[in-house]
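This report goes through one structure, from the contact between its chains to single residues. Please keep the sequence and the 3D view at hand while reading.

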Amino acid sequence: MEVLKEKVEEEAAATEQAEVAERGEKLLRPLDARREEAPMTQEMLRDLEKKLSEIEIVVPEQPLTFTKDSIDISKLPLSYQSNTLKEEHLLQVADNFSRQYSHLCPDRVPLFLHPLNECEVPKFVSTTIRPTLMPYPELYNWDSCAQFVSDFLSMVPLPDPLKPPSHLYSSTTVLKHQKGNCFDFSTLLCSMLIGAGYDAYCINGYGSQDLCHMDLTRDVCPLTMKHKEMVREEEKVPSKKYAIKPPRDLSSRFEQEQEMKKQEEMKGQEEKQRREEEARLLEVEKAKIDPLHGLRVHSWVVVLSGKREVPESFFIDPFTARSYSTQDDHFLGIESLWNHKNYWINMQDCWNGCKDLIFDLGDPVRWEYLLLGTDKSHLSLTEEEDDGMNDDDDVENLGKEDEDKSFDMPPSWVEQIEISPEAFETRCPSGKKVIQYKRAKLEKWAPYLNSNGLVCRLTTYEDLECTKTLEIKEWYQNREDMLELKHINKSTGLNIDYFKPGHPQALRAHSYVSMQPEMDRVMEFYETARVDGLVKREETPSSMTEHYRGRSDFLSYRHVDFGPRVKKLSLNSAESNPRPMVKITERFSRNPKKPADEDVAERAFLIQEERIQLRYHCRDDHITASKREFLRRTEVDSKGNKIIMTPDMCISFEVEPMEHTKKLLYQYEAMMKLRNEEKLSRHQAWESELEVLEILKLQEEEDDAHTLAISIYDTKRNEKSKEYREAMERVMHEEHLRQVEAQLDYLAPFLAQLPPGNKLTRWQAMCIKDECLSDFKQRLIDKANLIQACFEKETQELQKKQQWYQENQVTLTAEDEDWYLSYCSQAMFRIRILEQRLNRHKELAPLKYLALEEKLHKDPRLVEFLKVFV
Amino acid sequence: MHRLYNSLEPRVMDEDMLKLAVGEQGPREEAGQLARQEGILFKDVLSLRLDFQNILRIDSLWEFENLTKLQLDNNIIEKIEGLEQLVHLVWLDLSFNNIEAIEGLDTLVNLEDLSLFNNRISKIDSLDALVKLQVLSLGNNQIGNMMNIIYLRRFKDLRTLSLSGNPIAESEDYKMFVCAYLPDLVYLDFHRIDDHMKEMAESKHQYSIDELKHRENLIQSRLEDEQAQQEELEKHKAAFVEHLNGSFLFDSMYTEDVEGNKLAYLPGVSELLQAYKDKFVIICLNIFEYGLKQQEKRKLELDTFNECVQEAIQENQEQGKHRIAKFEEKHLLSLNAIRDESELTNFEMKIVEYGKDIMELFNVLMTLEMQLVEQLEETINMFERNIIDLVALFIENVQSLMAQCRDLENHHHEKLLEISINTLEKILKGDVDEDLPDDLRPLFVDKDTIFNAVGASHDIHLLKIDNREDELVTRANSWCTHLVDTIHKNEIMRNRRRVKEINQYIDHMQNELDSLECSDVID
C-alpha cells in the first residue's frame, strides 16, 4: 500500500510526461492487442500478423469513412471546443488511473478512457453519454429505441478493427450526419436508454466478425421466423366418477405392436435422412473461420436487470437492434464498460467469451471502478470478507487511493440530443435501408416516400446466393384502400392482400392468382362492418361459396354452382350475361326460437331440375333429422286443368310425423314461400358476383392511381390544412402591418422640432397644424409632379422612337419592325396607366388633404387649442 | 244502445256460421282451391272475424285452439264467456257490444291487445291474468271512478290506453291523473303523450304517487321476503331437516304435554328445563347442519352423474349423426346411379347393394345404441349403489344423533322424577312450599299419581322424537328410491325412443328403395 501511494504521488508530479508517454503507448496498441491472449506462441503470433496484414487491405475499401472535414467545428458550442476545470481534473484522474492500470496489468490493452471529440479535445467517455428522454412515445421501450438507432444511423466500420477509435464524436454530430461506428451507435443508444430509465451501459469489448461488420447474411431474418405456436397442453380432465367405460377393444395387440415397430423403423430412416440433409446444409452455410476471431473491437450496450422491470440482464447490438443473452456466442470479451456516472474495468477472465461474466458492478474483485461513491454497490459479500479479499488483491485499491472521495462525474459536454419529427419519420438516411439476411432481403422506406405507400419489403430466396425468389412480402402504410400487406408467393403465383379495417367493402384479406373475374380467389371480410355479415367468399371458376356470421336470418353458408355460360348474340360482357346458376345450397344455424322440426338446416335449390331439397335441424336428443323434397312440376291433368299440388310433389321424412304437415295446403304454402326465397337467393348470389367485380375494379383503380391518406393531425402533409393555416398566418401578418401603419404618428416629426418637455401653446399648435398641412400639400404636389415627369419622359421617348422609325422605315428588317411595334404598344400602355394615375391623384388629392385637416382637428394633442380657435 | 239491434233477430254462433266465416276468410286462389278440396280444420285457423253478425252469446269456439286473433265487434254480446279455451289469443276485439262487466278473461295470458270500446263497463277489474297487455281500449264506457286507473298500474307493458267517452274523461284532471299514475304510457286516447305533459303531471301528483309507490314497494318487499323464506324452507325440506335449526322440535314436545308444563313450576325444574333445552337445541342444530352437508354431497353426486351420462349420450349421438351423414352422402349418389342405370341386371344388382347398405347402417346404429345401453346401465348401477350408501349413512348418523336426544330426555326424566319425589315427600311431611301453584297440588297426592304424570310427559316427548326420526327416515328413503326409479325409467324411455327413431329412419329408406323398384318395374 505504502509503495503504491508513493508511486501515485510521483506520477501525479509528472503528469505531463506521463501523458505524452501514454499517447506513445496508444500508438503501440496493436502490439498490446496481440499481447492480450497470453498463452499464444510465437508462431501463432506470426501467423496472425500475416493474416492481419491481409485484412488491413480490405478495410480501407469501405468508402463510408466519417471524416472530420465534413464537420463544421466553428458552429459547435463552447463545451465541445474546450474542457472545463472539472473535466480537466477528471482527465487527470483518468490518466493517473490508466497509468496505474497499465503498471499493474501490463499484459492488458490500454483503457479506452478519453478519446478526442470532433474538435480534437479529449473528452472522458462517460461525459459523452447524455441521458435524454425522447419526446416520442415510440422511443420509450428499449426495443423500439434500439431499432430507431439502428435504422437512423448508417454504419461505418472502425478505422482499425483491432483498436477502439481515436475519436468519439458527440451524439448530436452523429445524428446530424446519420452515420457512425459502433462506439457512436452504442453511445447514442445508451444515452437514450438511460434517459428512458434503463440501467444501461456502453461496453468496449470484442465481438465476432459478423457482429462487427453488421453482417446478417448468416442470420435468419426475424420477420421470416414463424411465431411458435404456443402449444398449450389440454389439461387432462380427471376422469369423472361416473364416466362411462369405453367399449372393449377387440383388436390384436400383437399386430398393433408389429405395426408400431414398422412405423418406427420408417420414421428412424426418415429422421436419419433428414439429419444428414441438415448437416449438409449446415456445412454449406458455415462461414470460413475468422483469423481475427476474438480480437475485433466492438462496442455494444448492456442493460442490467432491476430498473424498468427488466428481469434479466441482456446485450443489445446497436447495429442490428437485436437483443442477445449475456451468454451469446457473438460476444467474445469485455474490456470495460461505462455509463454517464462511472467507468468500470472488467477484471474477470474472458477465455470463454462473456459466458461466465457476472454483472455485479458493486463487486470490486470483478469490476474495477474509476470513481468512488457512485450508487452502484449491490455487492453480496459481507464487509469482513470484502476486507480480507482486498488485502490479497492490490488492484483493488487503485481507484480509492488517488482521488478525493467526493469527486463525481462532471455533467455531459454534449448538447441536448434532438431529433426532429421529420428525421424521426424518415428514420433511415435518405429514407431507405436495405438489410441482407440469410436467404432474405429486407428493404425499408420512410412513409410517404413511395407514392404507393410501400414502407417495407421482404424478399425471401430459395438459395443462399439469393437468386431464386421464393416469396415477397410488402408492407404498406397510409393507403386509402387500407391495404396493409401484400404477400406474393412466387412459386405458386398466389397473391394475398391483407387490409386494415376501413376498406369500402370491409375487405380483410384477398388471395388470388389473377385479377380476372370468375377465377379462383378467396376474399375475407370484417363481418361486423358489413350489413350482411359476410365472413368469407371463395370462388372457383364454376362455383362461389360464401360464409356468414351473426345474421338475423341465421344464414351461415351459401354455395352457388354455375353452369357454362350460354352464348348470347347481343351482348357478351360478364354483367349482361351472367352465368346460369345450377344449384344454390344454403345452410342455416339453429334458430333457438323455432322447434328443430321447423328450423331448416340446409336447403338446396336445384334450379334446372326444379327441385328444392330441405333438411331440418336435428333435435337435441335425436340422431336423424327431418327432410323434405319439393318437385316443382307444373302439369296438366287429364281434364286439362292445371294441377296445383299433388302428394307426390312433396316427399318428406319426418322424425315425428305431424298431422298438419301432411296437408296439401301446408305443403303448397311452404312451396310458394320457398319459390320466393329462391328468387331472393338468386338475386343475392347475383349481387355477390357484382360485388366481386366492383372490388376488383376498385383494386385495379387503386393500383393504377394510388392516393395516400393523410391524417388530419399530420400538419406537414395535409395540404388543405396547410393552406388554411398559411392563409390565416398571412391575414394575421397583414393585420399586424395595418396596425403598425395606423400607429404611425403623422405629427411626430413636427412635435420633435419643439423643445421637449414643454407644453404646447396655442400658437405652437396652430403652427404645427399649418406646417403639417402644408407639408402634406407639398407631398401631394410632389407626387403629382413625379407622375407628370414620368409621363412626359415616356411620351418623349415614344416620340423619339416614332421619329427614328419614320426615318429608318425603309431599311428596317422585319425583326426590328416587330420589336418596334411591341415597344410602341408597351409604351402606350405605360403612358395610359400614368395618365390614369395622374388623373386619379388629381381627384383624390383634395379629398386626402381635407381628410388630413379633419384628422388634425380631431387629434387629441391639438384638439383643445384648435377648438378654441375655431 | 243507440244502435237498433232489435231490428234483427239475434243469432246463435253455430257450426255453420263458423264454417262459413272460416271459408270466407281462408286462403284465396290456388291455395283456396286446395283448401276447399281438403277442408279446413278449426284448430288450424289462426285468425277469425265475426263482426256484424248480431251475435248474442259467444259459443262453439272451443275448437279453435290455436286462434291468435279474434274479432267479435259490432254484435250484441252481453257477457264475455266461452273464450277459456283460446289460450293463444293475442288480439281480442269486443268493441261495440253490450258488455257490462269484464270477466271470463282469466285464461288468456297471452293477450296483448284488448278492445272493449263502446260497451257498458263501469269498472276495470278481472284483468289480472293479462300480464302481457300492451293496448287497452275502454273508450265510450261508463267508468266513473278515477281509482280504476290505479288498477292499471300492474300492467308493466301497457303503452296505449283509451278512456275517452267515459265519465271520468270529462273531469278536468283526467289527463294529468292518467299520465301521473301510468308513467310508462305512450299513447292516451290515440294521442301521444309529450314529455312536457308528463313532467307537469308528475309534479302535480308527486306526493300521492310517492305514497303509492312506497306502499307498492312495501308489498313487493314483503312478497319477496316470503318467497325467500319459502325457498329456504324448500331447501331444508330437500335436506329432510326442516325446522331443526332451532327449538322447534323441543317446543313441539311441550305443546301437547299438559303435565310437563305443570311440573315446570316445581322448584329447580325450570333451571333443569333450561339446561335440557339448550343441550337439545345444540343436538338439533347438529342434525340440521349435517343434513345440509349431506344434501350438498348428494346433489354433487347427482350432478356429476347427470353430467357424465349427458356426455356419454352426446358423444353417442355425435357418432350416430356422423354415420347417418356419411350414409346420406353415399345414398344420394347411389340413388342417382340407380335412376340412371338402364340395364336390368345392373339395376337389380345395385338395388341389392343399396339394400345391403341400409341394413348395414341399421346394424351400426343399433350396435351403437346397445353399446350405450350397456355402458349406461353399468354407470347407473354404480350411481345407485353410491346414492343408497350415502342415504343410509345419513340416516344412520341422524339416528345416532336422535339417540342422543333420547338419552337427554331420559336423563331429564330421571332428574324430574327425583325432584318430584322429593317434593312429594316434602308435601307428605307437611313441609309445604307456599309458592307451589294450585294446579300442581292435585298431582302430589301419592306416588302413583306423580309417577304417572311424569311418565306421561316422558312418553309424549319420546313419541315426538320418534315421529320426527321416522319422518326423516321415510322421506329420505322414498326420495332415494324415487330417484333411482326415475333414472331407470328415463333410461328405458330414451332407449325406446332411439330404437324407434332408428327403425323409422331405416323404414323410410327402405320405402324409398321399394318405390324405386316399383316404379322401375312399372316402367
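## Interface between chain B and chain A

In this predicted model, chain B and chain A bury about 3300 Å² between them, and carbon and sulfur atoms give 58% of that area. On the side of chain B, the most area is lost to chain A by Glu30(B), Leu34(B) and Glu501(B), which together make up 17% of what that side buries. The contact involves 29 residues from chain A and 42 residues from chain B.

The rule finds 2 salt bridges across this interface. Asp621(A) forms a salt bridge with Arg497(B), and their closest N and O atoms are 3.6 Å apart. Which elements of chain B give two or more residues to the side that touches chain A? They are α2 (29–38), α9 (269–340), α10 (344–429) and α11 (447–522). With 13 residues, α9(B) gives the most to that side.

## Confidence

The model has an ipTM of 0.75 and a pTM of 0.64. Chain B has a mean pLDDT of 86, with 97% of its residues at 70 or more. Residues 1–5 of chain B have a pLDDT below 50, and this stretch has 11 contacts in the model beyond near neighbours in sequence.

## Strand β3 of chain A

β3(A) pairs with strand β4 (residues 297–304) of chain A in the antiparallel sense, over 8 bridges. Within β4(A), Trp300(A) is the bridge partner of Ile203(A). β3(A) also runs antiparallel to strand β7 (residues 331–338) of chain A, joined to β7 by 6 bridges. Here Asn204(A) has Ser336(A) in β7(A) as its bridge partner.

## Pro501 of chain A

Pro501(A) lies in the loop between β15 (494–499) and β16 (507–512) of chain A. Is Pro501(A) buried or exposed? Its relative accessible area is 55%, so Pro501(A) is exposed, the cut-off for exposed being over 50%.

Leaving aside residues up to four places away in sequence, Pro501(A) touches Met482(A) and Tyr526(A). Met482(A) is 19 residues from Pro501(A) in sequence, and their C-alpha atoms are 7.0 Å apart.

Definitions and conventions:
Residues numbered from 1 in each chain as written. Chains lettered and ligands numbered in written order. Predicted model: local features only at pLDDT ≥ 70, side-chain atom pairs only at ≥ 80, totals over all residues. Heavy atoms only, no water. Helix = DSSP H or I, 4+ residues; strand = E, 2+ residues; numbered from the N terminus. Buried < 20%, exposed > 50% of the residue type's maximum accessible area, 1.4 Å probe, protein only. Contact = heavy atoms within 4.5 Å. pLDDT = per-residue confidence, 0-100. Pairing = 2+ DSSP bridges. Buried area = accessible area lost by both parts, 1.4 Å probe. Salt bridge = Lys/Arg side-chain N within 4 Å of Asp/Glu carboxyl O.
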